[in-house]
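Hi,

Here is the structure I promised to pass on. Have a look at it first, and then read my notes below.

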Amino acid sequence: MSALALKTGSVNLGQGFPDGPGPELLRNVAMAAIHEGDNQYPPGIGVPELLEAVAAHQQSEYGLIYDPGTEVLATAGATEAVASALLGLCEPGDEVIMLEPSYDSYGAVVAMAGAVRVPVRLSYNGQRWVLPPGAIGAAVTARSRLLLLNSPHNPTGKVLDEAELEEVADTCRRHDLIAVTDEVYEHLVFDGRRHVPLATLEGMRERTVLISSAGKSFSVTGWKVGWACAPPALLAGVRAAKQFLTYVTPAPMQRAAAAGLRATHQLVGPLVEELEANRDLLAKGLESVGLPVRSAEGTYFLIVDMSGFTDLDAATFCRQLPELCGVVAVPCSVFYADPAAGSHLVRFAFCKSRATIEEAVDRLARLSAWRQR
């Protein structure tokens, strides 16, 4: 869809990346590290400065204590961390439980590990996305090995609440499941909400691989600097797989990510305000042309239900959208094991500049005259 946006000159609300340069603080640290000659292989587990910053962040934000020398690993973004965790901790035939819709790399890395994806589908109750009570427990079988949890959640923007998290934790404790938590949007939550890591719940730290990254929190998605935090026995499996994927993560970007973590609230506070305003503006524009918006509690994304708007399926609609109004979005069918389950849902990204969102809203207004039932 990003290639389609470039080809057609459309506003790209498809792929989730900001259109700004990223914070000056981080750019300056990265450039200084390059100019100072920090351009060779860093330590395999990561630059000590980053590992220490990650550990300090987890303790100050969530009260989670990790040893930076044995319980933190730098990765090439959270995507690699998730892949390393599944490749390192699953055996062929193991079942991996995950929320659906799910980020599109999850199904691929489960398959690469020879494991089996077991989707648990989120539902929408008219006001928010919800995890149906009992659904996680009902998905467990004798072959269940690992639960892959993404909250705040891409693509829906859902933030799991206390009751939902406790149900997930209870299922993991009762069935001795490993939890791998993708928390890249941890700071990008709205309307006064606060993200709660699964690892903070009773009995979960010792069975959880907690994953996050600098890309989303600090608007540097192209740097691909992520990390995994876990007890040594679990992290050993993650590290063993990661070593044969990218081997290391670029040292200058690790140092810059460490600077970002030390200035988290200075950087994230204004970003959250900007994202909330963009979310509301885009939602108003989509609603005004007859596309019902499903609430987003965090992340970069809004989902619309187009079932009453057009007879086209989401993939066809998204392919036609650049011609119809000069905007690109992503069909949610790609986030479901059965694409038909998401054929009426479309994802729009609002992690762009205010001017970009305003231009997109102006262009989307053209859909009012086209609307198909």
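This is a predicted model: local features need pLDDT of at least 70, side-chain atom pairs count only at pLDDT 80 or more; totals for chains, interfaces and linings use all residues.

Residues are numbered from 1 along each chain as its sequence is written, and side-chain values use heavy atoms, with hydrogens and water left out.

The largest pocket holds about 590 Å³ of space. (A pocket is an open set of points on a 1 Å grid over the protein atoms alone, where a 1.4 Å probe fits, with protein on both sides within 12 Å along at least five of seven lines; lining residues have an atom within 4 Å of a point.) Its lining has 31 residues, and Gln-15, Gly-16, Tyr-103, Asn-154 and Lys-216 are the closest to the centre. Helix α4 gives the most to this lining, four residues. (Helices are DSSP runs of H or I, at least four residues, and strands are runs of E, at least two, numbered from the N terminus.)

The second largest pocket has about 290 Å³ of space. Helix α11 (residues 264-288) supplies the largest share of its lining, six residues.

As for the sheet, four strands form an open, antiparallel one in the order β11-β12-β15-β14. (Two strands pair if DSSP finds at least two bridges between them.) β11 (293-294) and β14 (330-331) are at the edges with a single partner strand each, so one side of each is left without a neighbour in the sheet.

Best wishes

How values were computed: Grid points are joined across faces, edges and corners, and a volume is the space filled by probe spheres set on the points.
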